[in-house]
Amino acid sequence: MSRVKLTDVTKQYDDVTAVDNMNLDLNDGEFICLVGPSGCGKSTTLETIAGLTKPTSGEILIGDREVTNLPPKDRGIAMVFQNIALFPHMDVYDNISFGLRLRSFPQDEMDERVEEAARIVRMEGMLDRMPSEMSGGQRQRVAIARAIVRDPEVFLMDEPLANLDAKLRVNMRTELQRLHKQLDTTIIYVTHNQAEAMTMSDRIAVLNKGELQQIAPPLTCYNQPANRFVAGFIGSPSMNFFDATVGDDTLDANGYSISFDATAIDGVASGDAVDVGIRPEDLYLTTNSAEARDPSATFAVETDVLEPMGDEIFVYLKPILDPDDGGEAADFEERQGLLMSVDPATDIGEDEDVEIVFDRAQIHLFDDRTGDAISHGVVADANVEAVDDGVQAD
Amino acid sequence: MSIDARNHDDAETFDGSGDDTGDDGENKSRVARWADDWIRNPEKAYAVMLVFLGGVLLTTSLFPLYWLFNVAMAPPGQPDIPLVPASIDLSVFVQVFRQVPFARFMFNSLFYAFTVTVFVLLVGSLAGYAFGRLEFRGKTPLLFSLLVLSFFPPATLFIPLFRAFNQQVPMLGLFTLPVEVYGTPAAVVTPLSAFTMPLAIFILTTFYGQIPDGLEDAARVEGTTRIGALFRVIMPLSAPGVATAGILTFITVYTEFFFSYLMTGNSAADWAPVVDGVLAFQTQYTVRYDLQAAASLIAIVPVAILVVIAQDKIISGLTQGALKE
């Protein structure tokens with residue numbers, strides 16, 4: 001159990017910067033997920049914490065010790081790998097006790113600890129199996145037992161569930177959460193799967209191109225994303241984005257004109273170009289507009305494709321081409337259209353003309369150039385809320 | 001009997017008259033039937049070819065051993081060696097050990113082979129680890145120069161090494177070997193280690209390079225150093241490669257003649273190798289070909305045992321290496 005602190009950690013490979021000036025301060029006992037697309041530097045960050053890779057510059061603290069130049073074995077960490085990495089020539093007992101044997105634990109204490117670890121991951125009675133005789137889930141549990149048996153200060157997990165099938169992944173996800181509750185150890189968990197990050201972690205650190213985008217509790221990342229990247233990465237299906245221009249009291253975008261008071265929101269002025277983001281569940285059919293906290297005016301669109309998911313239906317919307325303004329409407333369609341999520345009981349078909357409203361309390365504005373969030377919600381009171389507790393990366 | 005009936009497959013069985021045209025027809029159709037059969041079942045053709053080739057290979061490789069046995073069985077002074085020995089007298093195999101300290105000669109050679117193998121596997125493992133698993137500047141030129149070195153005929157290095165080992169000349173004007181190495185095991189072990197090293201490094205590089213990084217990372221996180229991970233995880237998992245490199249080295253050194261003969265004295269106590277043991281049955285006036293042959297056969301035994309024990313590993317090791325690089 002320990003806090004982990006990264007100060008200005010940078011890792012460069014020749015001319016590629018894998019991790020750029022990373023600052024992380026993780027609390028004792030916290031479950032942190034590092035998420036981001038492939039190649040965003042999350043695994044490299046984890047490797048620098050593990051000591052498998054030396055950072056080009058910066059400092060790493062585990063507990064109160066500076067470990068930047070210590071080899072992995074002296075850092076008090078344990079790690080679970082994406083490819084599981086059990087030693088194929090050793091049975092389960094030898095795999096789990098590998099680290100204990102290296103530290104010359106007495107035999108009886110070793111037996112005791114291995115049994116305890118095997119019990120926690122529910123692998124008792126399988127200690128004499130070879131890794132080749134076990135299923136993927138069992139192997140992963142052994143790998144976790146190997147990590148917990150040494151009672152490390154910090155657990156590092158590098159996409160431990162990525163190689164498991166979908167059902168097993170969900171099971172193991174629950175088991176990992178249970179394990180975290182039981183052990184109460186700091187866990188740093190790398191994944192590219194934002195659903196894993198959302199469900200498991202105390203805080204999510206979103207990375208892109210080697211830079212930390214935002215570190216905040218899952219719901220904060222979801223509701224108050226620090227920038228356009230986080231907004232697009234967190235949440236499935238992804239948030240809708242479109243370009244808009246700020247008018248005197250409207251937000252004008254390709255035929256949608258959403259009324260708002262530019263003076264009530266800091267950081268925008270009339271004439272600014274902004275990116276507008278809105279999640280699929282914050283679009284409503286006019287008939288359901290009462291559900292929206294702050295409905296906008298009504299817009300006519302045409303449904304395109306439906307994706308019934310069981311608990312909701314995803315509806316792809318395309319704007320109705322306006323003969324007077326055909327160019328812009330076509331351009332909008334080329335960009336992406338809108339995705340709306342509706343209740344499965346809704347009576348809706350493909351290629352129907354429908355009318356929708358935006359929930360103005362849930363419209364996100366991002367700076368057109370930097371992508372930084374300007375406002376979450378385009379009504380005055382919603383914005384105040386966002387400024388209060390939006391935890392943003394520096 | 002009609003022509004149709006004669007050409008029919010079954011017709012021949014009943015046709016006892018055997019006129020000429022009938023025989024020709026029968027032969028043709030038999031060859032044709034073989035051809036047809038083999039085209040339809042190529043595995044039959046392969047089986048026949050395999051038996052034939054195997055027979056040739058076995059004859060060429062085993063006949064010399066049989067010949068050696070024949071020579072050993074022939075009494076001293078017998079001018080011709082028959083294909084089948086006139087009498088079997090196994091006492092020559094015992095006499096070999098009585099007449100000269102042949103066991104010591106064999107021990108010397110086995111000692112060289114064992115020492116060089118251990119040394120080559122240790123040093124070669126470190127080199128194989130570096131070449132197979134690390135990225136560093138100049139890796140390819142280094143590996144290439146190793147390859148070039150292994151093409152040098154060892155004989156070209158004999159004279160300079162002989163001078164250095166024997167006469168304690170200053171090497172490169174920098175240092176002189178502290179003691180005279182000539183006539184000691186070091187004079188054989190050192191150069192032979194150098195000559196067998198490149199092949200071992202190549203084999204080990206291939207194998208060590210194939211072990212997934214994750215396993216080494218896991219070992220390091222669990223508490224080993226890089227070297228510890230090499231010996232605890234990478235080497236055990238590369239067992240076929242290590243066995244192949246080890247056995248090839250062992251056999252090369254055990255059967256090596258040039259250096260081990262010239263760098264040591266002629267008597268068993270002077271660390272002379274097994275070749276000296278075989279030649280010891282030759283005096284100024286007599287040559288006991290039967291004892292030499294028997295000694296040669298005995299000298300083969302350790303290597304034969306080693307190969308039989310490790311053949312699975314060698315085969316998987318050689319083919320695996322061949323397939324992966």
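Predicted model: local features only at pLDDT ≥ 70, side-chain atom pairs only at ≥ 80, totals over all residues.
Let me start with chain A. It has 394 residues, and 53% of them count as buried. Its secondary structure comes to 10 helices and 21 strands. If you take the contacts in chain A between residues at least 6 apart in sequence, 66% of them join residues at least 24 apart. As for the surface, chain A exposes about 17100 Å², and 44% of that comes from carbon and sulfur atoms.

Next, the interface. How much area do chain A and chain B bury between them? The figure is about 1600 Å², with 69% of it on carbon and sulfur atoms. Chain A brings 21 residues to the contact, and chain B brings 15 residues.

On the polar side, five residue pairs are in polar contact between chain A and chain B. The interface also has one salt bridge by the rule used here. Which side chains form a salt bridge? They are those of B:E222 and A:R150, at 3.2 Å from N to O.

Staying with the side of chain A that touches chain B, two elements each supply at least two of its residues: strand β6, residues 77-80, and helix α2, residues 92-102. By type, the residues on that side divide into 13 nonpolar, four polar and four charged.

Now to a single residue in chain A, A:Q362. You will find A:Q362 in the loop between β19, residues 353-359, and β20, residues 364-367. Is A:Q362 buried or exposed? Its relative accessibility is 17%, and the cut-off for buried is under 20%, so A:Q362 counts as buried. Leaving out residues up to four places away in sequence, A:Q362 touches A:G277, A:I278, A:D282, A:R293 and A:G377.

The last stop is helix α8 of chain B, which runs over residues 158-167. Which residues of this helix are buried? They are B:F158, B:A164, B:F165 and B:N166. Among the elements of chain B that cover these buried residues are α9, residues 185-210, and α13, residues 258-262. Just past the end of α8(B) comes B:Q168, and its phi is positive, at about 55°.

To go back to the contact between the chains for a moment: if you want one pair to look up in the model, take B:E222 and A:R150, whose side chains meet in the salt bridge.

Conventions. Residues numbered from 1 in each chain as written. Chains lettered and ligands numbered in written order. Heavy atoms only, no water. Helix = DSSP H or I, 4+ residues; strand = E, 2+ residues; numbered from the N terminus. Buried < 20%, exposed > 50% of the residue type's maximum accessible area, 1.4 Å probe, protein only. Contact = heavy atoms within 4.5 Å. Areas by Shrake-Rupley, 256 points an atom, 1.4 Å probe, with all protein chains shown as cover. Buried area = accessible area lost by both parts, 1.4 Å probe. Salt bridge = Lys/Arg side-chain N within 4 Å of Asp/Glu carboxyl O. Polar contact = N/O pair within 3.5 Å; in protein donor to acceptor, adjacent residues only side chain to side chain. Nonpolar A, V, L, I, M, F, W, Y, C, P; charged D, E, K, R; others polar.
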